[in-house]
Amino acid sequence: MTDIGDRALALHPRVALRPEPFGALAYHYGNRRLVFLKHPDVVRVVQALGEHRSVDAALTACAIAPARRPSFHRALAGLVESDMLVEAA
Amino acid sequence: MTLAEQLKSGLDAPICLTWELTYACNLACVHCLSSSGRRDPNELSTAEAKAVIDELHRLQVFYVNIGGGEPMIRRDFFDIVEYAIAQGIGVKFSTNGAFIDAERARRLTAMDYLDIQISLDGTDAVTNDAVRGAGSYATARAAMDHLRDAGFVERNGPFKISVVITRHNVNQLDEFKALADSYGAQLRVTRLRPSGRGADSWNDLHPTNAQQRQIFQWLLAHGETVLTGDSFFHLNALGGPGEQLPGLNLCGAGRVVCLIDPVGDVYACPFVIHDEFLAGNVRDAGGFTKVWRESTLFAELRQPQSAGACASCGQFDACQGGCMAAKFFTGLPLDGPDPECVGGDGELALAGVATAAVPRPSADHSHRVTRLDRPVPVLLGRK
C-alpha cells in the first residue's frame with residue numbers, strides 16, 4: 001500500500017466533529033463509532049486533509065514539525081482503520 | 001491532563017445521554033432500573049420533548065439512548081424519533097419488542113441513524129421469563145424475526161440484543177452470541193445494578209464472585225465484537241498489565257453521560273434515580289443546558305473523587321472503585337469498594353450494612369398488584 005503520507009484522504013462524509021478542550025470528538029453516523037481526537041493539532045490536520053492532495057501536504061500546510069510526522073501518520077492510519085477517514089474523491 | 005482526567009472533569013455537553021420517554025411499560029421486569037409500569041401524568045409532552053431535542057442539537061450531542069419504560073408505548077414515539085434524526089441526532093432505543101410488528105419493523109428499517117436494542121435475559125423462555133415475565137421471550141424473538149424479515153440489518157447494520165448478565169444466564173453467553181450471529185445482530189451485555197426494582201432482586205440475581213471471573217475472561221476473549229456500554233470496568237481489577245476490557249474505564253456519571261427521565265428530571269446516570277443524584281429538570285429556566293453546565297451536583301461529581309477505603313488497594317487504577325450506583329443502593333459508602341469488588345472487599349463491607357440504612361429508589365411506577373390477604377371464597381358446583 002502507498003505510504004500514508006502520500007495518500008489523499010478526507011473525513012468520511014458521515015463523520016461529525018465536536019470541538020473539545022482536549023481536541024475533538026468524532027462520531028461516525030454510519031458505523032456509530034465514537035473516536036477521541038486527543039490533540040487540537042490532530043483536529044486541525046483532519047479538517048485540512050480534504051483541501052490537500054496528500055497527507056504530507058496537509059501536515060506541511062498545518063505547520064506540523066517534521067519530527068512529529070511519524071506520530072501523525074500513526075494517528076491518521078488509526079482513523080483510516082476505523083473508517084473515520086476515507087480516500088479523497 | 002490525560003484524556004481520562006479531562007473527561008472526569010466534565011465536558012460542555014454530554015457525549016451521549018439516556019432519555020427515558022415514559023414510565024409506562026407492558027412488562028414488569030424484576031430488575032427494572034426505573035421501576036416502570038404506570039405512566040406518570042407529568043411526563044413531557046410532545047412539544048416539550050421536541051424542545052429537548054432542539055437543545056441537544058445545539059449542544060452537538062451526537063446520539064441519544066432512548067428507553068423507558070417501553071418507549072414505543074408513547075403514541076408520539078415515531079414523531080419524537082423522526083424529529084431527532086432530522087436534527088442529525090442518532091437514536092438508539094431499547095425495547096422489549098412487544099410493539100415491533102411487521103409493519104413497524106419496515107418503518108424502523110426505513111429510518112436513517114437508528115439503532116435498536118432488544119432486551120433479552122435468557123436464551124430460553126424459562127430463563128428469560130423468570131426475570132422479564134411470562135411470554136416476554138417469545139415477544140422479543142418475534143420482534144427480532146420481524147426486523148430480520150424487514151431487512152433491517154442489511155440497510156442499517158446490526159440491531160443489538162441487549163442482555164443483563166445474572167447468576168442464571170451467565171452460562172449462556174456463548175448461546176447469546178450465537179443467537180445474535182444468527183440474526184446478523186450484535187450482542188450487548190451489561191451489568192446488573194441494584195437500582196429501581198433491582199434493589200429487591202439484586203441479592204438473588206447478581207453474579208457470584210466466581211462468575212465474575214468467568215464474565216471477565218469471556219469479555220476479554222471477545223474484545224470489541226461484544227458491546228458492554230463500558231459497564232464492567234470494575235472487573236479490570238482481575239486483569240494483569242495489558243489485560244483490560246475495551247472502553248474508557250471510568251464512571252461517566254454527570255461527567256460525560258446523564259439521564260433525562262420521563263418527567264424531565266436530570267439524574268447523573270440511568271442507575272441513580274434518587275433525589276441525591278437529581279441535578280435539575282429540563283423544564284427549569286435555562287433548560288437542560290443550564291442543568292448540565294451549572295448544577296451543584298454535577299460540579300461536585302466533576303471534582304477529583306477520593307479513593308477512600310480503596311486508596312491502599314493496588315488495583316484502584318484498574319477498577320476505579322467501581323460503580324457509584326451499585327454502592328449507593330447497597331448502602332455502601334461512595335468512596336469505598338464496589339459491592340461486587342472482585343477482591344472480595346465489597347462482600348465484607350456489605351456484611352456490615354444494616355438493612356434499614358440502605359437507601360430506597362425515590363420513585364416507584366410499578367404496576368399496582370392487588371394483594372389478596374384473605375382466602376377468596378370459591379363456590380364449587382357441579383356442571
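Mentor: Let us begin with strand β3 of chain B. Gly90(B), Lys92(B) and Ser94(B) point one way from β3(B), while Val91(B), Phe93(B) and Thr95(B) point the other way. The model is predicted: local features need pLDDT of at least 70, side-chain atom pairs count only at pLDDT 80 or more, and totals for chains, interfaces and linings use all residues. Residues are numbered from 1 along each chain as its sequence is written, with chains lettered from A and ligands numbered from 1 in the order in which they are written.

Trainee: How many residues of strand β3 of chain B are buried?

Mentor: Six of the six residues, 90–95, are buried, so β3(B) is largely enclosed by the rest of the structure. Strands here are DSSP runs of E with at least two residues, and helices are runs of H or I with at least four, both numbered from the N terminus.

Trainee: In which sense do strand β2 of chain B and β3(B) pair?

Mentor: β2(B), residues 63–67, and β3(B) pair in the parallel sense over four bridges; pairing requires that DSSP finds at least two bridges between the strands. Within this pair, Val64(B) stands opposite Val91(B) of β3(B).

Trainee: What joins Gly68(B) and Gly69(B)?

Mentor: A cis peptide bond joins them, with omega about 15°. Gly69(B) belongs to the loop between β2 and α3 (77–86) of chain B.

Trainee: Where does Gln60(B) lie?

Mentor: Gln60(B) is in the loop between α2 (46–58) and β2 of chain B. Its phi is near 60°, a positive value in a residue other than glycine. With 16 other C-beta atoms within 10 Å, Gln60(B) is partly exposed.

Trainee: And chain A: which residue has a positive phi of about 70°?

Mentor: Asp83(A) has that phi although it is not a glycine. The loop between α3 (69–81) and β5 (85–87) of chain A holds Asp83(A), which is partly exposed, with 15 other C-beta atoms within 10 Å.

Trainee: What order has the open sheet of three strands in chain A?

Mentor: The order is β2-β3-β4, with antiparallel pairing. β2 (15–20) and β4 (34–37) of chain A are the edge strands, each pairing on one side only. Neighbouring strands of the sheet are turned by 20° against each other on average, direction ignored. β2(A) and β3(A), residues 23–28, pair over six bridges, and Pro19(A) stands opposite Ala24(A) in β3(A).

Trainee: Which helix lies across β2, β3 and β4 of chain A?

Mentor: Helix α1 (residues 40–48) of chain A does, running at about 50° to β3(A). Axes are lines fitted to C-alpha atoms, for helices over the stretch in contact, and angles run from 0 to 180 degrees between N-to-C directions.

Trainee: Back to chain B: at what angle do the axes of α4 and α6 cross?

Mentor: The axes of α4(B) (102–109) and α6(B) (136–150) cross at roughly 55° and come within 8 Å. Ala102(B), Ala105(B), Arg106(B) and Thr109(B) of α4(B) make the contact with His146(B), Leu147(B), Asp149(B) and Ala150(B) of α6(B); contact means C-beta atoms, placed from the backbone, within 7 Å.

Trainee: How many residues does the contact of chain B with chain A take?

Mentor: Nine residues come from chain B and twelve from chain A.

How values were computed
Two residues are in contact if their C-beta atoms, placed from the backbone, lie within 7 Å. A residue is buried if 20 or more other C-beta atoms lie within 10 Å of its own, exposed if 12 or fewer, and partly exposed in between; C-beta atoms are placed from the backbone.
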